[in-house]
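Please consult the sequence and structure shown here.

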Amino acid sequence: MHSVTSASEERMKKTVASLKDGFASLRTGRASASLFDKIKVDYYGDKSPLNQVANISIPEARLIVIQPWDKALIGEIEMLAT
């Protein structure tokens, strides 16, 4: 009985975590930097999450600023925007 309870509890925790991820990417009246969590760019032959190679900020409701740490990524990021 105990193993069934712990297995169910673990599955519920994973479900809640997945739901939170889904809510984080919902569109609202304001952009969110979490929208970029799953976007990956080619960084020296590896696919890296955008938020790990650049600063992403939302200074205004209709403005997103992406500042890559390496200038070589600018072209790669611009290709994503088109």
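Predicted model: local features only at pLDDT ≥ 70, side-chain atom pairs only at ≥ 80, totals over all residues.

Q: Why is Tyr 44 called exposed?
A: Tyr 44 has a relative accessible area of 66%. Exposed requires over 50%, so Tyr 44 with its 66% is classed as exposed. Tyr 44 lies in the loop between β1 (40–43) and β2 (46–49).

Q: What makes the pairing of the Tyr 44 and Asp 70 side chains a polar contact?
A: The two side chains come to 2.8 Å.

Q: Why is Ser 48 called buried?
A: The relative accessible area of Ser 48 is 13%. Buried means under 20%, so Ser 48 qualifies. Ser 48 belongs to strand β2. Beyond its neighbours within four places in sequence, Ser 48 is in contact with residues including Ile 39, Val 41 and Val 53.

Q: Why is Gln 67 called partly exposed?
A: Gln 67 has a relative accessible area of 46%. Buried is under 20% and exposed is over 50%, with partly exposed in between; the 46% of Gln 67 therefore places it in the partly exposed class. Gln 67 is part of strand β4 (residues 63–68).

Q: Which residues does Gln 67 touch, not counting residues up to four places away in sequence?
A: Gln 67 touches Ala 54 and Asn 55. Contact means heavy atoms within 4.5 Å.

Key
Residues numbered from 1 in each chain as written. Heavy atoms only, no water. Helix = DSSP H or I, 4+ residues; strand = E, 2+ residues; numbered from the N terminus. Buried < 20%, exposed > 50% of the residue type's maximum accessible area, 1.4 Å probe, protein only. Polar contact = N/O pair within 3.5 Å; in protein donor to acceptor, adjacent residues only side chain to side chain.
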